[in-house]
Amino acid sequence: MQGRFRRMAITVAAILLLPASIGASPAVQPADDLRESYELLSTTFYSKVDTQKLLDGARAALTEEAHRRSLHVSIPQFRDQGTLEGNVSQVAAAIASVEDATHGSSTLLTYEVIDGMAKSLGDKYTTFFTPDEYRQFNQALDPEKISGIGVLIQPDETSRFIRAYYVVPGTPAEKAGLQAGDLFLSVDGISMKGYNADQATKILRGKTGTPVRIVAMRGTKPLGTVTITRADVQPPTVIYKMLPQQVGYIWILAFGRETPDEFALALDRLQKANVRGYVLDLRNDGGGYVNSALDISSKFINGDPLLTIEERGSHTTTIDSGAGALPAKPMAILVNRNTASASEITAGALQDDGIGVLVGEKTFGKGVMQSLTPLPDGAAIKITTAHYLTPKNRDINLRGIEPDFAVVENKDARFGEIEHDAQLQAALNILTKKIAVAKP
């Protein structure tokens, strides 16, 4: 986590996480993945599926893979048998035939077939993940713990030393008293002058339980040598700080499973510091889990609609927030063209329910949801299963959400740093006026 903070590459997503219907075990066969994927694609995709199209997609993928392996074989045309078992069995038989001819892996062949079926639906958000791809997808939303001290760093332009950009709550760095803005002059006796973030990270990280010695400075005040014991640290999906005029700034990097808890901690600390307004930064946030977006929206919306979900067969469900929202305070939500999916759920709800104003640029425009199902052998399939509307029944799909205050992102913007962030400056100007007339 000690490296200069970088945006995580996340496929735009509003994810409903579903349990695997079959537990992974040594006895799992590729046919289990095939059967479950076919059933999910044919029955849960948000519009009715032509099962012959799935079969054609499976055949095309298997044929292409056979040719790639220099096997000149004719895959028989798959015909819709009218039953799940009948359709899956003929595909499985063709996979076995190619496997015998190439002495290849039936697992890899099955993956190609499932991928072909998913692509046959013509929906770019319906995707098959191999086990490695699924781990990478999860890593973007729910990053694994790393051994370090719990601080995000970047080079300080003035001093050329390393500066703490953010200290993660509850980590060894915070417990040792480090704060955002502290300069690291040396680490374990090595001067940090001229180091970039990656170079400094390699020195700061190390085996859990080992000490690292940092000579630090806060402003013009030397802090001396701070000795910190490394531990397993969870990379954050939420960054927060207090800005001038007691405005709390909360930057959501992704809507992961732990994000609501991180967000709640940020809110609690800002409230204890007498926050008077909020900037919620959703820029470049490609989304994540729907439940996390709804949980965070409910912190500010009291008993009003959050969104309406339209599923296959015209089944419609409106989800309302519960009671117990925080007292209303002025709020600005920062958005841009990469604010997508689950982020748009939150942005749309806060805008429609009158909680805050959107500042920045029109959002991405992804108004559909995917259900993510782990498959028996560690792979997964993500299927578009629903379309959603904002509380005022706005369809944002392929349209996006227009901000209340349009502000173009400045060149080389550094999000969260007022002097380098024109959109944040605009949000603060708006909130300053609102705070001035707000009832204490």
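Q: Which residue forms a salt bridge with Glu 174?
A: This is a predicted model, in which local features need pLDDT of at least 70, side-chain atom pairs count only at pLDDT 80 or more, and totals for chains, interfaces and linings use all residues. Residues are numbered from 1 along each chain as its sequence is written, and side-chain values use heavy atoms, with hydrogens and water left out. A salt bridge requires a side-chain nitrogen of Lys or Arg within 4 Å of a carboxyl oxygen of Asp or Glu. At 2.4 Å between the closest N and O atoms, the partner of Glu 174 is Arg 269.

Q: How many residues apart in sequence are the parts that Glu 174 and Arg 269 tie together?
A: Helices (H or I, at least four residues) and strands (E, at least two) are DSSP runs, numbered from the N terminus. Glu 174 lies in helix α6 (residues 172–175) and Arg 269 in helix α8 (residues 259–272), so the parts tied together are separated in sequence by 95 residues.

Q: Is Asp 352 buried or exposed?
A: Asp 352 forms a salt bridge with Arg 394, the closest N and O atoms being 2.6 Å apart. Buried means under 20% relative accessible area, exposed over 50%, and partly exposed in between (1.4 Å probe, protein chains only). With a relative accessible area of 10%, Asp 352 is buried.

Q: What is the relative accessible area of Asp 295?
A: The side chain of Asp 295 meets that of Lys 299 in a salt bridge (3.9 Å, N to O). Lys 299 is partly exposed at 26%. Asp 295 is also partly exposed, with a relative accessible area of 35%.

Q: How many salt bridges does a search of the whole structure find?
A: One network of salt bridges links Asp 156, Glu 157, Arg 163, Arg 414 and Glu 417. For the whole structure, the number of salt bridges found is 21.
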